[in-house]
Amino acid sequence: MKLSIIADFQCHNAECPIWHPQQQCLYWTDIPRGMIFRYWLESGKAEQIYSGEVVGGLTLQADGSLLLLKNRGTVETWDEGKITTIIPEIPEEKHTRFNDAIADPVGRVFSGTMATPESPGSLYRIDLDGSLHLIKTGLLVPNGMGFTPDLQYLYFTDSDRRIIYRFNYDVETGSLSNQKAHIITPDGLGVPDGLTVDATGHIWSARWDGEHLYRYTPSGEEVLRIQFPARKVTSMVFGGFDYTQLYVTTAGGNNRSQEGYGAGSVFKLSTGIRGVPEFRSRIKAL
């Protein structure tokens, strides 16, 4: 598999890659620095497009804009620089931020908030009208999510517990139930971070401090392990013209002597394995 760097802004923590099929470009955020970047496939040009408050989660809206999930529970849309507020803040989350996000087939959004010394992390669902629903609390670092191809299940990562859970998912209501530990990361192999699911239902999991990307069968058995020169592999998304290119984000660009070659860069991996388009959010203000 061919591995190459497509963009290098020495991100402290590049995360949440999103592929935009109409624009044929990739978006991602550098969480600690409050920046968003964009890479154009045709020209190979990469650029910074946003600087401001921390953005911990991204989805692509149906109209082509971005949904930004930020600190204090703030939710906004970004459309070529124009920002529209959906949720000004969540009072219970004023000391933390969202971390990762995913849209479901209807256009709802699931996103979690990070635990703090004062309160546990939580998982929320945002419905199309912008209404907010608390799904689960007691989390540590809510992270990568992905739906099975048959839409029967949602995978959900709690990084600091080193567990990828599986929930039964109801597409009609957006409800989650029957939580089960599906994949447990052994000690010494890093922390599970971002996640995606390919066209055959295999699960891909990035490994923070584990310098690898893992692929698992739908039943949770490891079938592929891809090593990276950077220690902190954070997330991935399928993209390109036929969704066979895997774009992988990494962290540690502020400390490359410790974090390895290309830390903080975005890598492209030609896998020969096909992914599927991510669902688009359809969130509007109340």
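How many bridges join E7 to E8, and do these strands run parallel or antiparallel? Four bridges join E7 to E8, and the two run antiparallel. Strands (E, at least two residues) and helices (H or I, at least four) are DSSP runs, numbered from the N terminus. Two strands pair if DSSP finds at least two bridges between them. The model is predicted: local features need pLDDT of at least 70, side-chain atom pairs count only at pLDDT 80 or more, and totals for chains, interfaces and linings use all residues. Residues are numbered from 1 along each chain as its sequence is written, and side-chain values use heavy atoms, with hydrogens and water left out.

Strand E8 spans residues 75-79. Four of its five residues are buried, so E8 is largely enclosed by the rest of the structure. Buried means under 20% relative accessible area, exposed means over 50%, and partly exposed lies in between (1.4 Å probe, protein chains only). The hairpin of E7 and E8 has four residues between the strands. Within this hairpin, arginine 72 takes a positive phi near 65°. E8 also pairs with strand E9 (residues 82-87). Five bridges join E8 to E9, and these strands run antiparallel. Here threonine 77 stands opposite threonine 84 in E9. The E8 and E9 hairpin has two residues between its strands. Glutamate 80, in that turn, has a positive phi of about 50°.

Leucine 67 lies in strand E7 (residues 66-70). Its relative accessibility is 0%, so leucine 67 counts as buried. Contact means heavy atoms within 4.5 Å. Leaving aside neighbours within four places in sequence, leucine 67 is in contact with residues including Val75, Glu76, Thr77 and Ile86. Contacts of leucine 67 also include Ser281 and Ile283. Leucine 67 and glutamate 42 are 25 residues apart in sequence and 24 Å apart in space, C-alpha to C-alpha.

The largest nonpolar core was examined next. A nonpolar core is a set of buried Ala, Val, Leu, Ile, Met, Phe, Trp, Tyr and Cys residues joined through side-chain atoms within 4.5 Å. The largest one holds 28 residues. Leu26, Trp28, Trp204, Leu213, Leu246, Tyr247 and Val248 touch the most other members. Several strands give two or more residues to this core, among them E1 (2-8), E3 (25-30), E19 (203-208) and E23 (245-251). The largest share, four residues, comes from E22. In soluble globular proteins, nonpolar side chains tend to be buried together. Leucine 26 has contacts that include Ile6, Trp19, Phe37, Val237, Tyr247 and Val266, leaving aside its neighbours within four places in sequence.

Threonine 196 is placed in strand E18 (residues 191-197). With 2% relative accessibility, threonine 196 counts as buried. Its side chain is joined to that of glutamate 278 by a polar contact of 3.3 Å. A polar contact is a pair of N or O atoms within 3.5 Å; within protein, one must be able to donate a hydrogen and the other to accept it, and residues adjacent in sequence count only if both atoms are side-chain atoms. Not counting residues up to four places away in sequence, threonine 196 touches His202, Ile203, Trp204, Met236, Phe238 and Glu278.

Aromatic pairs number 12 in the structure. Rings of Phe, Tyr and Trp (its six-membered ring) pair if their centres lie within 6.5 Å; planes under 30 degrees apart count as stacked, over 60 as edge-to-face and the rest as tilted. The rings of phenylalanine 156 and phenylalanine 167 have centres 6.3 Å apart and planes at 65°, so this pair is edge-to-face. Phenylalanine 156 sits in strand E15 (residues 153-158) and phenylalanine 167 in strand E16 (residues 163-169), 11 residues apart. Phenylalanine 156 is buried at 1% relative accessibility, and phenylalanine 167 is buried at 5%. Elsewhere, ring pairs link Phe9, Trp28 and Phe37 into a cluster.

Charges also sit over rings. This requires NZ of Lys or CZ of Arg within 6 Å of the ring centre and within 35 degrees of the ring normal. Arginine 166 lies over the face of tyrosine 153, at 3.9 Å from the ring centre. Arginine 207 lies over the face of tyrosine 214, at 3.8 Å.
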